[in-house]
Amino acid sequence: MWRTRAAAACVICRSLANSSYGIKRKSPLQNLHLVSRSIHHPYYPSSKFQRPPLRISIQLFSSLNRLPLHKTKLLNVKYGYQFHRNFWLARLASRLLKLRYLILGSAVGGGYTAKKTYDQWKDMMPDLDEYKWIVPDFVWELDEHIDFEKLMKALPDADDLAKLLPDFDKIGESFTSLKGFFSPGSPGETAFRATDQGYDNDKQYKKGLLGELILLQQQIQQHEEEARRAAGQYNMGSSQQKRKVSDKEKIDQLQEELLRTQLKYQRMLERLEKENKELRKLVLQRDDKGIHQRKLKKSLIDMYSEVLDILSDYDASYNTQDHLPRVVVVGDQSAGKTSVLEMIAQARIFPRGSGEMMTRSPVKVTLSEGPHHVALFKDSSREFDLTKEEDLAALRNEIEIRMRNSVKEGCTVSTETISLSVKGPGLQRMVLVDLPGVISTVTSGMAPDTKETIFSISKAYMQNPNAIILCIQDGSVDAERSIVTDLVSQMDPQGKRTIFVLTKVDLAEKNVASPSRIQQIIEGKLFPMKALGYFAVVTGKGNSSESIDSIKEYEEEFFQNSKLLKTCMLKAHQVTTKNLSLAVSDCFWKMVRESVEQQADAFKATRFNLETEWKNNYPRLRELDRNELFEKAKNEILDEVISLTQVTPKHWEEILQKTLWERVSTHVIENIYLPAAQTMNSGTFNTTVDIKLKQWTDKQLPNKAVEVAWETLQEEFSRFMTEQKGKEHDDIFDKLKQAVKEESIKRHKWNERAEDSLRVIQHNALEDRSISDKQQWDAAIHFMEETLQSRLKDTESVIEDMVGPDWKKRWLYWIGRTKEQNIRNETKNELEKLIKCNEEHAAYLANDEVTTVRKNLEARGITVDPCLIKDTWHQIYRRYFLKTALNHCNLCRRGFYYYQRHFVDSELECNDIVLFWRIQRMLAITANTLRQQLTNTEVRRLEKNVKEVLEDFAEDSEKKVKLLTGKRVQLAEDLKKVREIQEKLEAFIEALHQEK
């Protein structure tokens with residue numbers, strides 16, 4: 001396409017040149033744009049425009065001849081008729097023949113010269129075959145569909161074209177005086193070499209797109225100088241008659257003309273870039289629809305960004321250092337780091353504040369090309385449309401929330417990296433990391449170690465030998481207040497990977513008394529640090545609501561009118577964020593190509609070491625990382641939950657019945673049986689029992705039963721979870737299982753309606769008094785005996801603690817009684833005498849009986865408190881009552897016959913046996929009901945809770961790291977990540993080689 005356009009341009013140029021014959025003006029070729037002259041006529045760097053004699057009215061130039069054409073000698077015409085005697089016909093014929101030969105020779109020579117010039121020009125053009133994929137396929141077929149001859153005819157004529165070009169006559173007048181200004185060692189030469197000091201040589205900087213643009217600009221300047229020299233020679237005679245101007249005015253005029261030409265050239269480049277951006281957008285959109293199945297450059301930067309994301313999460317216990325390139329953006333607080341990054345990303349994506357710290361954690365921004373201008377986080381699928389203000393506001397809010405969440409309590413900044421990808425047409429592919437601004441003083445509200453933390457974060461990123469440091473300096477403040485320049489000079493003393501950016505140049509130009517100070521900064525003479533290149537940018541007027549387009553317009557307008565460019569203190573390629581973005585991207589990819597293979601080899605060696613260590617320590621185990629181990633533990637836990645459904649109904653009911661009776665036995669004995677047993681007849685006994693059982697059923701019993709069932713389910717679940725399974729047991733899961741068990745039990749809630757239904761069942765069971773057979777009668781007696789014997793044993797133990805050991809233990813174990821135990825022992829003896837005197841004694845002592853016991857003890861010299869007598873009586877009478885009840889049980893073994901006859905004509909009454917049968921039957925029915933609810937409902941609900949807990953733990957990386965620990969887990973994690981990094985690096989390197 002380029003060659004087709006160039007050929008068409010050459011035809012148009014020759015047409016314009018030929019159309020000017022016979023017209024009294026300067027040749028149109030002289031008035032052509034400098035870019036066209038430098039491209040289409042590269043073999044005329046020193047074309048000399050000779051001054052014609054005053055008698056000649058037309059001066060002809062040819063773009064196909066190396067030498068100017070011969071001057072045409074016109075005949076001296078005299079008025080009137082003069083007769084010549086010579087052979088005028090012969091002379092006329094000879095002159096006509098001479099003219100024919102001249103025309104024929106010129107045509108042949110000119111055609112040969114044109115062909116040779118075209119071939120040489122074609123060889124000079126760069127080979128764009130490598131970049132053919134950038135342009136859609138239909139563009140290559142333009143020459144078949146566009147008639148360039150019609151296009152040539154449609155171009156404006158030479159008069160209109162000449163008006164658009166600068167007046168080289170004025171330029172030639174002052175060119176001679178300017179020649180000394182550009183001589184070696186002059187200020188002009190110093191200004192034009194402002195950024196060259198940071199480079200080792202010109203070739204190092206002139207690589208990439210930015211270098212090609214600079215070379216093209218230098219060619220244009222060379223042609224301008226030659227044109228001015230020719231114009232100065234031509235107008236030398238006339239300039240002597242004009243008024244002489246001062247050297248300063250001449251320099252100003254020429255500088256303004258040069259600046260105007262550079263700006264025209266810059267606008268032409270911007271127009272071409274805009275057209276290319278639109279074409280790229282169309283190509284990317286077509287690729288999104290699947291029309292073309294070819295890989296674009298955006299996939300390359302995405303692959304590289306994935307590697308950096310994995311490395312940011314990699315805990316290098318083997319000291320594997322991350323030396324992959326990235327652009328690290330550092331600067332003092334409020335120096336404009338974020339604004340520069342937004343200009344490069346072409347969107348206001350970061351939260352903003354007036355003077356306060358906004359960047360509280362590193363933000364990794366991956367810039368890539370895409371059909372739509374969108375942004376998305378690494379761990380989220382939501383896309384933010386950067387062309388919509390509401391999405392921009394939501395993105396800024398999300399970044400601020402993530403920053404604040406990453407900051408731990410008691411800290412101001414965080415080391416956790418927020419990963420963000422920005423895609424859009426025309427974006428330069430690179431990876432940038434925006435770091436918190438460097439501060440000099442810790443203010444109120446900040447953590448005391450904020451300053452040191454920011455320094456350590458900045459140093460950690462900058463000490464990477466392959467990281468490109470983008471040093472941002474605020475141009476509106478005094479250079480002596482800069483902190484970051486010293487830090488950067490420490491990390492990169494030679495400046496081999498540092499790019500210096502001076503922001504807020506518009507404010508600096510207004511506030512700085514001496515503009516040469518800005519020149520010293522850009523030339524690298526003011527700061528002790530060195531850099532690859534120096535740039536000056538403007539990032540807006542300080543209004544946070546400004547759009548990127550308005551900032552670009554303001555920046556372009558400022559530099560167009562700035563004295564810094566007019567006085568040659570800055571070069572055109574040193575200004576604007578557009579040129580900065582091109583330079584940074586160029587340096588980034590250069591560093592990537594130089595270092596990525598070395599980093600891949602380093603990770604390959606690390607992988608070999610990790611694999612060797614695993615084989616030596618765990619030869620019979622698979623290399624399961626933390627996620628794989630979690631999945632294995634998850635399956636085991638779910639299998640154990642399923643095991644709950646395999647528990648037999650008999651086992652459930654036995655456990656439930658036993659546990660429930662242990663929980664309610666005290667209440668039954670103390671509050672129901674003992675008070676009822678103190679009554680004088682069976683009717684009062686049964687009435688008391690019925691009332692107390694009804695109250696118990698309505699208030700306490702169902703709740704106690706549900707609690708017992710829930711505790712039983714927990715115990716069985718814990719038993720299955722903690723039970724070791726022989727050699728297959730892996731203790732690496734113990735912490736995880738314990739945490740899952742606790743969280744599942746915490747979330748589980750018993751069905752609230754279970755108590756209501758259970759209350760009705762228990763009430764009906766307790767109202768039944770009909771014992772159907774002798775077996776049930778004997779079971780009730782056995783149940784009562786076991787209960788009373790257990791209570792008697794407990795009572796004996798309490799009495800022994802009160803009175804001390806008996807004589808046998810004192811003799812065998814040499815244990816004595818305390819003074820209080822002696823008093824209680826004497827009190828016990830007196831109370832036992834009282835019971836022997838009256839075996840039908842009531843459960844409580846009368847006051848006179850207490851007084852009698854106290855006086856009897858005082859007679860023996862023992863002072864006793866009445867409360868101690870009553871307390872001792874309670875235990876003595878309880879023992880006596882339980883022994884009596886046990887004897888009554890033995891008597892009732894043969895009482896089933898009397899029970900069937902309702903104890904008619906019998907002195908034996910066994911109402912207490914019936915009570916314990918009712919209790920026993922209620923326990924069995926309650927256990928059966930709870931077992932059904934457990935197996936049918938609660939086990940399934942518990943299994944569901946366990947699954948939910950496992951799913952929550954699976955999404956919580958910190959939880960898994962906390963619960964799955966150990967050398968084996970960490971080694972497997974390192975091995976997995978190193979393999980993943982190496983594989984992705986190799987894929988990236990392969991794609992990088994294919995792109996070359």
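This is a predicted model: local features need pLDDT of at least 70, side-chain atom pairs count only at pLDDT 80 or more; totals for chains, interfaces and linings use all residues.
Two strands pair if DSSP finds at least two bridges between them.

I looked up the strand order and found an open sheet of nine strands, running β4-β3-β5-β2-β6-β1-β7-β8-β9. The pairing in this sheet is mixed. Which strands stand at the edges? They are β4 (384-385) and β9 (533-536). Each has a single partner strand, so one side of each is left without a neighbour in the sheet.

I then picked β2 (residues 363-368) and β5 (residues 418-423). The two run parallel, and six bridges join them. Within this pair I found Thr-366 opposite Ser-421 in β5.

I located Glu-785 in helix α30, which covers residues 774-803. Is Glu-785 buried or exposed? Its relative accessible area is 10%, and buried means under 20%, so I wrote down Glu-785 as buried. Setting aside neighbours within four places in sequence, I listed the contacts of Glu-785 as Leu-886, Cys-889, Asn-890 and Arg-893. With Arg-893 there is also a polar contact between the side chains, at 2.5 Å.

I found Trp-811 in helix α31 (residues 807-813). Its relative accessibility is 68%, and exposed means over 50%, so Trp-811 counts as exposed. Trp-811 belongs to a nonpolar patch on the surface, together with Trp-807, Leu-812, Tyr-813 and Ile-815. I noted about 710 Å² of accessible area for the patch residues together.

How values were computed
Residues are numbered from 1 along each chain as its sequence is written. Side-chain values use heavy atoms; hydrogens and water are left out. Helices (H or I, at least four residues) and strands (E, at least two) are DSSP runs, numbered from the N terminus. Buried means under 20% relative accessible area, exposed over 50%, partly exposed in between (1.4 Å probe, protein chains only). A polar contact is a pair of N or O atoms within 3.5 Å; within protein, one must be able to donate a hydrogen and the other to accept it, and residues adjacent in sequence count only if both atoms are side-chain atoms. Contact means heavy atoms within 4.5 Å. Patches are made of residues with over 30% relative accessible area and no salt bridge: like charges are joined within 9 Å, nonpolar side chains (Val, Leu, Ile, Met, Phe, Trp, Tyr) within 5 Å. Accessible areas come from the Shrake-Rupley method with a 1.4 Å probe; for residues, only the protein chains shown count as cover. A salt bridge is a side-chain nitrogen of Lys or Arg within 4 Å of a carboxyl oxygen of Asp or Glu.
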